[in-house]
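Let's take a friendly walk through a protein model together. Keep the picture open beside you as you read.

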Amino acid sequence: MGLEGVEPSALIRDFLAECSGYAVVDGGFATELERHGQDLNDPLWSAKCLISSPELVRRVHLDYLEVGANVIISASYQATVQGFEAKGLSTEEAETLIKRSVEIACEARQIYLQRCAKGCWDFLDTGNTTQRPVLVAASVGSYGAYLADGSEYSGHYGDSVTLETLKDFHRRRAYAELLREENISIPAWFSFTSKEGINTVSGDSIAECAYVADSCNRVVAFGINCTPPRLIHGLILSIKKVENKPVIIYPNSGETYNAETNQREKSEGKTEEDFVTYVGKWRDAGASLFGGCCRTTPNTIRAITSVLFGKASLDN
């Protein structure tokens, strides 16, 4: 999908139309890297693998494409120039790694589409090898992700962190005002985390955030990430009251992050199957793009695909 001369909102509208109205986003990335044996107890988190295991990053992208993802998100959530420099890399090397995160995702997409073209498999095992649309999204994590202290789950960065601090930090990446100031033409989406189903973790109204996103023509979708599934339905309804653009949701598995222990703790006995039972309700409330965040897996994404497009559900 070319970007030159195309209205950003038209890009996402056409993409969703090609996907039969709904798109599937990938799931937890660090979860899969850890399942493959990676130790991510590091300030760079999953971005560590851009240095040590780029081939595994590509493999995880392919895993999600194979189970039905239409959107794969680069392994750059915690990839920052400052974070890489703290590891002894130069500014140039750091920026190259951030760019490389997108290139690796694009390589995975190309490998997948080539295999489909050769008729090796189809993501729904139906024998239909028609290529489905696949987008690569570059992940831009919050300032708290760079701090690696769990503060992205509270939004409390301290009084010394001002709007200008955040804009300077993200200038090599992008955020709302920067999309305008830097005249960035690449379509963007914003997603926020909530702990109680009304506000962001920092206390800002989700509805107000959605209103700001709706007013920016470079923002093509708005939604919720890394939030317990039980809160998503109400948040979609709040967003739809002020937001005319597609709503994207990729909740976590329902576990709670404990910043003190740097671990996710199980809550409410939720399983992947429980997560997927919400998908139809989210669709009916107005969401258009569906995926998963922390602790979700390719099984989760396969099941979401099944709910949306009618294939028999979760394979264990």
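A crossing of two helices is left-handed if the near helix is turned anticlockwise from the far one by less than a right angle, and right-handed if clockwise. Helices (H or I, at least four residues) and strands (E, at least two) are DSSP runs, numbered from the N terminus. What you see is a predicted model, in which local features need pLDDT of at least 70 and side-chain atom pairs count only at pLDDT 80 or more, while totals for chains, interfaces and linings use all residues. Residues are numbered from 1 along each chain as its sequence is written, and side-chain values use heavy atoms, with hydrogens and water left out.

Begin with helix 10 (residues 206-214) and helix 11 (residues 229-242), whose crossing is right-handed. Their axes come within 8 Å and cross at roughly 40°; axes are lines fitted to C-alpha atoms, for helices over the stretch in contact, and angles run from 0 to 180 degrees between N-to-C directions. Helix 10 is therefore oblique to helix 11; angles under 35 degrees count as roughly parallel, over 145 as roughly antiparallel, 65 to 115 as roughly perpendicular and the rest as oblique.

Now find helix 4 (residues 54-66) and helix 6 (residues 91-117), which pack at about 45° with axes 9 Å apart. This pair is therefore oblique too, and helix 4 passes helix 6 in a right-handed crossing. Residues that take part include Leu 62 of helix 4 and Tyr 112 of helix 6.

Cys 293 sits in the loop between strand 9 (287-290) and helix 14 (298-309).

How far can you trust the picture? The average pLDDT (the predictor's confidence in each residue, from 0 to 100) is 83, and 75% of the residues score at least 70. Over residues 121-129 the pLDDT is below 50. Where pLDDT is low, the predicted coordinates should not be read in detail.

Terms used. Contact = heavy atoms within 4.5 Å.
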